[in-house]
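Dear colleague,

Here is the structure I promised to pass on. My notes follow below it.

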Amino acid sequence: MSNLFDLSAKRAFVTGATHGLGMAMAKGLGDAGAELIINGTTPERMEKALEEYRSEGYTVHGFIFDVTDEAKAKEHVEKIEKEIGPIDILVNNAGIIKRVPLEEMDVEDYRRVIDVDLVGPFIMAKQVVKHMIPRGEGKIINICSMMTELGRDTVGAYAAAKGGLKMLTQNMATEWAKHNIQTNGIGPGYFATSQTEPIRVDGHPFNEFIIQRTPAGRWGDPKDLAGTAVFLSSKASDFINGQVVYVDGGILATIGKPANE
């Protein structure tokens, strides 16, 4: 069975993997044997991330570019394919969120969220799949969200993008499955990361809300997400296509429970 999840001799390109859940998934793929390629937009953060990866023993390459810039994306994908090797796995993780009520949101901000969270994955997959198709194999994972399925105050642009990403994932599967390319999504719930650390304290209203709302009764550990990424990148998922796997501790399965139940 271990051979089904072995990613040795594979190369995984994870966008937005200089920190947070992108880094957690990249490390999970690296633990399964994959050579890592990461993308970011900030030189300082990239340098720090590469130092962390390498200090922990991962083989990693870093590239700085904006995933919404098709010319740059094409340039870097071709450079990777030529100088490092075939991209076997693409994880479209790069994303942004702007928390603003819809009636107050500037259209420029709305378009930017859609551009990064929905157009970016299209651009990256388009460039990578051109190389996967002739090889007759490949794995593409689009990082969706619980907002792929439901709404929440102040995240309308993000929810619109992630809802669209689910349908883009299904259409990628529809068009590319015949080439032995599996395209699926991961929908993370609420995870314990450096970004959520300030609110993950006893007594904080949002912390209490998440604990109460999640059947598992806790925040997700980033390692909980890594296993799903490995599964969808491995031979174990060779007949899974167009699905979104929600890693949320059960939130989407329930309408919750009364306080103090």
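The secondary structure of the chain consists of 7 helices and 7 strands, where helices (H or I, at least four residues) and strands (E, at least two) are DSSP runs numbered from the N terminus. Along the sequence they follow the pattern β-α-β-α-β-α-β-α-β-α-β-α-α-β.

The model is predicted: local features need pLDDT of at least 70, side-chain atom pairs count only at pLDDT 80 or more, and totals for chains, interfaces and linings use all residues. Residues are numbered from 1 along each chain as its sequence is written, and side-chain values use heavy atoms, with hydrogens and water left out.

On overall shape, the C-alpha trace spans about 55 × 45 × 40 Å along its principal axes. Of the 261 residues, 46% are buried (under 20% relative accessible area, 1.4 Å probe, protein chains only).

H7 covers residues 222-233, 12 residues in total, and reaches 17 Å from its first C-alpha to its last. That is close to the 16 Å expected at 1.5 Å a residue, the expected span being 1.5 Å times one less than the number of residues. Its buried residues are Pro222, Leu225, Ala226, Thr228, Ala229, Val230, Leu232 and Ser233. Their cover includes helix H1 (20-31) and strands E4 (89-92), E5 (138-143), E6 (181-188) and E7 (244-247).

Regards

Technical notes. Buried means under 20% relative accessible area, exposed over 50%, partly exposed in between (1.4 Å probe, protein chains only). Contact means heavy atoms within 4.5 Å.
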